[in-house]
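Subject: A structure for you to look at

Hi there,

Here is the structure I promised to pass on to you. Have a look at it first, and then read my notes below.

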Amino acid sequence: MTFRQPIAIRRRSSAKAMLSALVGLLLLLTLFGGSAGAQAPLVLPAPEFETDYQRPELSHPLADGLWRDGLYVGALVLALAAAVWLVHWRRSRRGMAVLSIFSLAFFGFWLLGCICPIGSVQNIGLGLSDSSYILPWAAVAVFVLPLGVALVYGRVFCGGVCPLGAVQDVVLLRAVRVPEWLDKPLGLIPFAYLSLAVVLATTGGPFIICQYDPFIGLFRMSGEMWLIMSGLGLLLLGMFVARPYCRFLCPYGVLLGLCSSVTRRRVSTSPGQCVNCRLCEKACPMGAIRPATEERGRQT
Amino acid sequence: MNDGRGADESNRKSGLTRRQFFGGLGLGGLTLGLAGVGVVAARRAAAERLLWQIDPFKCVQCGQCRTHCVMAESAVKCVHDFPMCGICDRCVAYLSANSSDLSNGAENELCPLGAIRRELIEPPYFEYLIEEPLCTACGLCVMRCAKAGKGSLYLQVRHDRCLNCNQCSIAAKCPAEAFVRLPAEEAYVVRHLGLEDLDRRLRDAPGGTR
């Protein structure tokens with residue numbers, strides 16, 4: 001046998017110890033004295049076993065692979081297309097509800113929420129500022145797609161595709177109208193959150209949107225306790241205030257709002273048929289329908 | 001009054017109100033902006049799927065892999081690199097350093113979960129197998145093996161468990177900055193292949209810096 005392990009540490013005579021220390025010192029000197037390649041081999045030769053024993057193979061279980069990202073982006077495209085059709089052609093609220101429940105199940109509970117358009121803001125920020133950062137292609141796709149659709153058809157992503165919005169929609173019991181003096185200042189929080197997240201991400205800091213996502217813990221059924229509790233708290237609030245996260249926190253919503261503010265194709269009441277009953281204004285859970293204003297040029 | 005109405009009429013004739021003009025300007029600007037960001041980002045993007053791994057040559061076994069994974073059971077596990085193992089009778093990572101005798105009683109095992117299984121190959125050689133479902137990635141055995149053994153044990157992200165979060169929450173806390181991302185085709189860092197091999201792969205990885 002060529003390979004034997006000492007069973008216990010043996011005592012050495014002091015002379016032997018001195019010698020070995022000297023040899024060790026010489027070895028160290030040669031190691032650090034310029035020869036960089038002089039490293040101890042990591043693999044130990046196997047002893048000659050008497051039995052026909054073979055060393056076990058290292059197991060390397062594989063990840064889901066590329067199809068997972070492809071599936072995600074493909075599903076996102078299809079869901080966005082379905083949402084556009086349901087909002088602009090079919091004009092079906094029930095259809096949108098079904099679509100958001102599908103999105104909640106698929107993007108939320110099945111794909112476990114990562115990577116999402118909301119968090120992709122940070123990847124894009126870091127990818128643009130730091131060329132050494134490896135930007136996942138799926139992050140680029142999920143960032144651009146909902147915004148591109150919002151430029152043409154408005155923010156249909158929020159209504160039917162986003163799992164974070166859907167989880168708040170399913171708990172909504174009776175929407176209380178948030179008074180304007182509170183709604184307006186609270187609506188500024190997303191701008192601050194987005195700026196902070198982008199600044200932190202581009203300077204190599206943490207991805208705070210992902211780290212403090214209140215609903216991801218529910219999708220994964222695990223996570224930090226205070227985050228899950230705050231997610232549940234938001235859902236409790238969401239029973240009476242429609243979509244509190246979307247309206248008063250979501251940083252991606254800022255970008256979507258910007259894009260949808262210039263879109264040509266909007267959902268609107270038919271001006272010719274409107275009798276100014278203002279029922280829609282009262283019914284909108286988000287308080288998004290404002291009283292009709294006269295066009296400036298005609299106010300004569 | 002008449003002038004105002006006149007202006008409105010003339011605007012309508014040219015087919016463009018002030019509101020439409022600025023709306024169009026905004027739409028054009030935002031479209032260009034989004035397209036620009038998209039194109040620049042797409043040129044920086046990697047086609048491969050990149051997965052998290054721990055650089056075992058940087059890992060300091062702080063134990064945060066056990067506590068900071070987003071899942072209840074960490075995706076990081078202890079891995080045994082068999083070609084590096086000394087297959088000793090008395091494994092320093094198997095037996096607690098504090099044990100007064102060298103018996104393999106459960107009270108003398110270093111692993112608090114008893115996740116290392118010791119099996120006789122033939123005297124005096126033993127093999128040590130990690131019971132992955134029991135391992136919590138606390139890193140106790142890894143630290144002992146690195147300090148007093150051959151360094152054949154190391155902590156590694158297991159891809160069948162890892163959710164591949166956008167931002168790995170262990171990586172965010174890792175004091176040694178040992179988390180790296182590698183393309184999915186060859187997504188495991190194998191310790192016995194050495195530091196040079198890992199360096200080469202990180203250099204070849206898209207956006208690699210090392």
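Predicted model: local features only at pLDDT ≥ 70, side-chain atom pairs only at ≥ 80, totals over all residues.

**How confident is the predictor?**

For the complex, the predictor gives an ipTM of 0.70 and a pTM of 0.75. Chain B has a mean pLDDT of 85, with 91% of its residues at 70 or more. Where in chain B does pLDDT stay under 50? That is the case over residues 1-6 of chain B, and the model has four contacts beyond four places in sequence for this stretch.

**Chain A**

Chain A contains 15 helices and one strand. It has 300 residues, and 33% of them are buried. If you take the contacts in chain A with a separation of 6 or more, 75% of them come from residues 24 or more positions apart.

The crossing of α4(A) past α5(A) is left-handed. On the α4(A) side, the contact is made by Pro117(A), Ser120(A), Val121(A), Asn123(A) and Ile124(A), while α5(A) brings Ala139(A), Val142(A), Phe143(A) and Pro146(A). Sorted by type, the residues of this contact are seven nonpolar and two polar, with no charged ones.

Why does Val77(A) count as partly exposed? The reason is that Val77(A) has 13 C-beta neighbours inside 10 Å, whereas a residue needs 20 or more to be buried and 12 or fewer to be exposed. From C-alpha to C-alpha, Val77(A) is 9.6 Å from Ala141(A) in space, although the two are 64 residues apart in sequence.

**Where the chains meet**

How many residues of each chain are in contact with the other? The answer is 53 residues of chain A and 61 residues of chain B. Several elements of chain A supply at least two residues each to the side that touches chain B, including α2 (66-90), α4 (117-129), α5 (137-153) and α14 (251-261). The element that gives the most is α5(A), with six residues. By type, this side of chain A divides into 33 nonpolar, 15 polar and five charged residues.

Strands join the two chains as well. β1(A) runs parallel to strand β1 (residues 45-46) of chain B, and two bridges join them. In this pairing, Leu135(A) stands opposite Ala45(B).

**Chain B**

Which way do β2 (residues 50-54) and β7(B) run, parallel or antiparallel? They run antiparallel and are joined by five bridges. Here Leu50(B) stands opposite Pro183(B). Strand β7 (residues 179-183) of chain B is mostly covered, as four of its five residues are buried.

Finally, take a look at helix α4 (residues 140-148) of chain B. Its buried residues are Cys141(B), Val142(B), Arg144(B), Cys145(B) and Ala146(B). They pack against three strands of chain B, namely β3 (76-80), β4 (116-122) and β6 (153-157).

Enjoy exploring, and do write back with your questions!

Best wishes

How values were computed: Residues numbered from 1 in each chain as written. Chains lettered and ligands numbered in written order. Pairing = 2+ DSSP bridges. Contact = placed C-beta atoms within 7 Å. Nonpolar A, V, L, I, M, F, W, Y, C, P; charged D, E, K, R; others polar. Left-handed = near helix turned anticlockwise from the far one by under 90°. pLDDT = per-residue confidence, 0-100.
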